[in-house]
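The terms are given with their cut-offs as they come up.

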Amino acid sequence: MSDAAGPIPEIDPEREAATKQQVLAAAERLFALHGFQNVSVRDITAEAGVNLASVNYHFGSKDALLFEIFRRRTGELNRERARMLHEASDRHGGSPPVREILEALFAPPLRWADPANDRRISVQFIIRARSEGTAEMREALQNDVSHLARFAEALKKARPDLPAETVYWRLHFVLGMVHNNRFVEFDRLHHLSGGLTREGDVAGLLGRMLDFAEAGFNAA
């Protein structure tokens, strides 16, 4: 007896993976540019050129899609930071100096944020997540500090004369530099300085940040 419903179509894994990637890329771009609340599932699927049901099929919900992008991008960024810290540790027999520890912390997000880098959209998405993120994102930002713990340990080793509490506070302050030094914000500083502060490259900005942060960390 034949099945009245007809044969079940076979799933093409490559096509499914491509569709999922299209949805992720479209959603990241739209959320980064327009904000989490201003983008609908219909907007995402239209941008991706896929069926409206694709978001629910691959992710379950809009919030789950948001968290998947957040998880992927922060994971990539923190792996890049960890790699740089590991390389600095290898160069210095397990005890890198403060400046190289801070460079591993600063350099990856700065490079991503470069207007010439396609990853700038990912940075914009992460910035949005800090202010507009879902409850799951906020919980991760507050409680998932494993990627920062390795930097805290390296800095305590580099400055064993400082109380641990002081190291943690100084790490907190330099993280503020990462969150507030973005190329899109430099126009305001340029106006404030009367044109003295135009900075157009990652290397120049990174050097300025490291000079300031290193001096702060090495203060008595």
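The side chains of Glu76 and Arg73 form a salt bridge, with N and O 3.1 Å apart. A salt bridge here is a side-chain nitrogen of Lys or Arg within 4 Å of a carboxyl oxygen of Asp or Glu. This is a predicted model, in which local features need pLDDT of at least 70 and side-chain atom pairs count only at pLDDT 80 or more, while totals for chains, interfaces and linings use all residues. Residues are numbered from 1 along each chain as its sequence is written, and side-chain values use heavy atoms, with hydrogens and water left out.

Glu76 and Arg73 are three residues apart in helix 4, which means that about one helical turn separates them. Helices (H or I, at least four residues) and strands (E, at least two) are DSSP runs, numbered from the N terminus. An α-helix has 3.6 residues a turn, so residues three or four places apart point the same way. Glu76 is partly exposed, at a relative accessible area of 26%, whereas Arg73 is buried, at 18%. Buried means under 20% relative accessible area, exposed over 50%, and partly exposed in between (1.4 Å probe, protein chains only).

Helix 4 also holds the pair Glu87 and Arg83, four residues apart and separated by about one helical turn. Their salt bridge has its closest N and O atoms 3.1 Å apart. Glu87 is partly exposed, with a relative accessible area of 34%, and Arg83 is partly exposed at 40%.

In helix 8, Glu153 and Lys156 lie three residues apart, about one turn of the helix. Their closest N and O atoms are 2.9 Å apart in a salt bridge. Glu153 is partly exposed, with a relative accessible area of 45%, and Lys156 is partly exposed at 23%. Salt bridges that share partners also join Glu28, Arg73, Glu76 and Arg119 into one network. By the rule above, the count comes to 13 salt bridges.

Which residues of helix 2 are buried? In helix 2 (residues 41–48), they are Ile44, Thr45 and Ala48. These residues lie on the same side of helix 2 because they cover an arc of only 90° around the axis, the arc being that of the directions from the helix axis to the C-beta atoms. Arg42 and Ala46, on the other side of helix 2, are exposed. The cover over the buried residues of helix 2 includes helix 1 (13–34), helix 3 (54–58) and helix 4, where contact means heavy atoms within 4.5 Å. Gly49 follows helix 2 and has a positive phi, near 70°.

The open space remains. The largest pocket has a volume of about 1200 Å³. Of the 43 residues that line the largest pocket, Arg81, Arg130, Leu141, His147 and His179 are the closest to its centre. On a 1 Å grid over the protein atoms alone, a pocket is an open set of points where a 1.4 Å probe fits, with protein on both sides within 12 Å along at least five of seven lines; lining residues have an atom within 4 Å of a point. Grid points are joined across faces, edges and corners, and a volume is the space filled by probe spheres set on the points.

Helix 4 gives the largest share of this lining, 10 residues. By class, the lining of the largest pocket has 23 nonpolar, 10 polar and 10 charged residues. Ala, Val, Leu, Ile, Met, Phe, Trp, Tyr, Cys and Pro count as nonpolar, Asp, Glu, Lys and Arg as charged, and the others, Gly among them, as polar.
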